[in-house]
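Hi,

Here is the structure I promised to pass on.

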Amino acid sequence: MSAPDPSADAGTASITGIGPDTAGMAGRGPDSTDTGTRTGRLADDDGLGVRVPDQRRGLYQEESNTDGLLGGVAAWGPIATPVGMFRLTPVGIERDLRLVSRWMNDPAVAEFWELAGPQNITEEHLRAQLAGDGSSVPCLGVLDGTPMSYWEIYRADLDPLARDYAARPDDIGIHILIGGAADRGRGLGSALLRAVADLVLVKRSTCARVIAEPDLRNIPSIAAFLSAGFRFSAEAHLPAKRAALMVRDRCLSHLL
């Protein structure tokens with residue numbers, strides 16, 4: 001999957017959306033801060049900057065049984081990060097659709113993810129992943145009990161993206177979108193990208209690299225990945241965008 005872009009400065013930038021490339025994959029979305037589908041998966045944007053009320057926090061303690069080719073992302077967390085306790089929780093359509101759709105309609109996110117519009121547009125994007133083979137898992141990023149970001153964790157080696165770079169077995173891709181404007185520009189995107197990349201490498205012992213493909217226009221997103229320990233590998237010409245292929249290498253993790 002191609003992902004949207006996080007918009008984050010090396011220390012203070014914000015991620016608005018790095019999303020997947022809808023043109024190259026069934027059921028994955030565009031990109032605004034890449035880590036999603038091939039048109040925009042990574043977005044460091046909370047949508048409208050509105051936190052979900054505390055009474056909903058308990059809902060996000062539950063884990064689903066989403067397994068498939070990624071081996072159960074629901075069982076990966078939680079993890080401690082410099083900005084708080086964080087976990088990836090697979091999306092539940094009835095529980096999360098309204099929130100994710102609202103984030104996708106934020107102009108800063110929509111520019112890259114291209115999933116703005118009626119709620120059914122986001123619903124189709126999510127259901128295509130949930131009904132698939134488990135090679136892409138849509139998740140909410142829950143920080144200290146509050147959902148504040150949207151992620152897609154996917155098998156980059158099994159994605160159409162693999163046609164555009166020298167894929168290796170079990171390459172894992174990420175797309176991220178930070179939902180609220182209040183959470184952007186504070187370094188959250190970089191901190192969470194680093195934590196999730198570390199988590200992937202811990203939980204997927206056969207994965208040697210974490211991959212992302214933010215839009216080349218999304219400078220804040222690229223900066224966020226660089227700050228999170230990714231390196232720029234190449235420019236990729238994808239069906240829906242020119243992307244920066246970003247790589248986080250397992251063999252260099254001890255230096256980051």
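Let me start with a cysteine: C139 counts as buried because its relative accessibility is 0% (buried means under 20% relative accessible area, exposed over 50%, partly exposed in between, with a 1.4 Å probe and protein chains only). C207 is buried too, with a relative accessible area of 1%. The search of the whole structure turned up zero disulfides (pairs of cysteine sulfur atoms within 2.5 Å).

Some housekeeping: this is a predicted model, so local features need pLDDT of at least 70 and side-chain atom pairs count only at pLDDT 80 or more, while totals for chains, interfaces and linings use all residues. Residues are numbered from 1 along each chain as its sequence is written, and side-chain values use heavy atoms, with hydrogens and water left out.

On to the packing. The largest nonpolar core has 35 residues, and F86 and W151 have the most contacts inside it (a core is a set of buried Ala, Val, Leu, Ile, Met, Phe, Trp, Tyr and Cys residues joined through side-chain atoms within 4.5 Å). Helix α4 (188–203) is among the elements that each supply at least two residues, and α4 gives the most, with nine. (Helices are DSSP runs of H or I with at least four residues, strands are E runs with at least two, and both are numbered from the N terminus.) A second, separate core of 15 residues includes V91, L140, V142 and Y150.

Y150 also turns up in one of three aromatic pairs found in the whole structure. Its partner is W113, edge-to-face at 5.5 Å centre to centre and 65° between the planes (ring centres of Phe, Tyr and Trp, the last by its six-membered ring, lie within 6.5 Å; planes under 30 degrees apart are stacked, over 60 edge-to-face, the rest tilted). The two sit 37 residues apart, W113 in helix α2 (107–113) and Y150 in strand β8 (146–155), and both are buried.

Then there's β9, which is largely enclosed by the rest of the structure, because seven of its seven residues are buried. I172, I174, I176 and I178 point one way, and G173, H175 and L177 the other. β9 pairs with β8 in the antiparallel sense over seven bridges (pairing takes at least two DSSP bridges), with E152 opposite H175. With β10 the pairing is parallel, over two bridges, and G173 stands opposite I211.

Cheers
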